[in-house]
Amino acid sequence: HVPSIHPSGLGGDVLGEGCAVSPDGELVYMSGTVDGGSALNTGVRGMETRPVGGASDVFVVAFDVDFGNVRWAKQFGTVQEDALARGGGVECDNEGNVIV
């Protein structure tokens with residue numbers, strides 16, 4: 001569950017589009033888009049994200065597999081409309097690096 005928050009207090013649409021698992025099986029990475037100038041609300045103090053701008057941004061969130069806790073989150077994009085490749089656009093290499 002990854003809600004969003006808009007600076008005006010209204011949430012934008014969040015669409016989870018893909019996931020990948022780390023090679024050690026410890027983390028699940030979820031990727032997607034967030035619309036309407038909103039930011040992800042991870043629910044974790046100090047891990048707030050900020051809208052980049054434009055009609056939509058891309059995000060990746062890492063969850064631990066034990067309890068689904070957010071390990072880290074990143075939202076990025078341009079002032080244009082940003083989207084992921086068909087199929088979710090997230091992979092994890094053999095060393096645990098996340099590729100969007």
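The model is predicted: local features need pLDDT of at least 70, side-chain atom pairs count only at pLDDT 80 or more, and totals for chains, interfaces and linings use all residues. Residues are numbered from 1 along each chain as its sequence is written, and side-chain values use heavy atoms, with hydrogens and water left out.

Start with β5, residues 56-64. Strands here are DSSP runs (E, at least two residues), numbered from the N terminus. Nine of the nine residues in β5 are buried (under 20% relative accessible area, 1.4 Å probe, protein chains only). Both faces are covered. One side carries Ser56, Val58, Val60, Ala62 and Asp64. The other carries Asp57, Phe59, Val61 and Phe63.

Now look at the partners. Strands pair if DSSP finds at least two bridges between them. Strand β3, residues 27-35, pairs with β5 in the antiparallel sense over nine bridges. Strand β6, residues 70-76, is also antiparallel to β5, joined by six bridges.

Finally, turn to Thr33 in β3. Thr33 is buried, at 8% relative accessible area. Its side chain makes a polar contact with the side chain of Glu17 at 3.1 Å (a pair of N or O atoms within 3.5 Å, one able to donate a hydrogen and the other to accept it; residues adjacent in sequence count only if both atoms are side-chain atoms). Leaving aside neighbours within four places in sequence, Thr33 is in contact (heavy atoms within 4.5 Å) with residues including Asp57, Val58 and Phe59.

Conventions: Buried < 20%, exposed > 50% of the residue type's maximum accessible area, 1.4 Å probe, protein only. Helix = DSSP H or I, 4+ residues; strand = E, 2+ residues; numbered from the N terminus.
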